[in-house]
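I opened the notebook to look up the nonpolar core and the aromatic pairs. The model comes first.

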Amino acid sequence: MSQFGIYFDLGREHILDINGYDHILFVIALCVIYQLQDWKKVLILVTAFTIGHSITLALSTLQIVNFRTDIVEFLITVTIFITAFVNLFRTKSALTPSNFNINYFFALFFGLIHGLGFSTYLKSMLGREDSIVTPLLAFNLGLELGQLIIVLFFMVGAFVFVSLFNVSRRDWNLVISSAVAGIALTLMIDARFW
């Protein structure tokens, strides 16, 4: 298998690994207000997250920025909690996403923090490589595909509950966002670094 293929698979597997469910929770918190017909907006949202984490992943892998792992892990749980918590206070009209909403900001800005978390994993793999450009690109594209797979499954689930079982969008948002916020709060307590 080519170097590109190896790192692409590593990126995809890393985001889909159930042991790394914190990133899955964040993607779900970002996407819960959307429905299947909003797929273009969701694609932009997920790509904004990829751009955010790609920047800090590259900077950290190149040793330009460096943060303590325990602080990064705590901040990742904070990003999940904030995103889910904000969803709880959306009005009915805010559940019909406009061209821009705060989740785009969360995806890009909080993606920077998540990239630092990905970098710990990737740095250990890149120690043997002469050039990191191809592995970084491949890893990020693999992450993007993994996120899109998560989103696809989640959006189909949302369609089933909201469109077929007539669960209101408000109730769907409240249940999913409350569950994600609760899990994130538990993770925050477990990951505290002080």
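Which residues have the most contacts inside the largest nonpolar core? I note that the model is predicted. I looked up the core and found 51 residues, with C31, F154 and V180 having the most contacts inside it. I then listed the elements that give two or more residues to this core: α1 (3–16), α2 (21–31), α3 (39–61), α4 (69–88), α5 (102–126), α6 (133–164) and α7 (169–191). The largest share, 10 residues, comes from α6.

I next looked up V180. Leaving aside neighbours within four places in sequence, V180 is in contact with L25, I28, A29, I80 and A84.

I turned to the rings. The structure holds 15 aromatic pairs. One of them is F4 with F8, which is stacked, at 6.3 Å centre to centre and 15 degrees between the planes. Both residues lie in helix α1, four residues apart, about one turn of the helix.

I then looked up F106 and F110. Their ring centres are 4.9 Å apart and their planes are at 5 degrees, so this pair is stacked. F106 and F110 are separated by about one helical turn because they are four residues apart in helix α5. F106 has a relative accessible area of 4% and is buried. F110 counts as buried too, because its relative accessibility is 7%, under the 20% cut-off.

Ring pairs link F106 and F110 with F26, F49, F105 and F109 into a cluster.

Note on methods:
Residues numbered from 1 in each chain as written. Predicted model: local features only at pLDDT ≥ 70, side-chain atom pairs only at ≥ 80, totals over all residues. Heavy atoms only, no water. Core = buried A, V, L, I, M, F, W, Y, C linked by side-chain atoms within 4.5 Å. Buried < 20%, exposed > 50% of the residue type's maximum accessible area, 1.4 Å probe, protein only. Contact = heavy atoms within 4.5 Å. Phe/Tyr/Trp six-rings, centres within 6.5 Å; stacked < 30°, edge-to-face > 60°.
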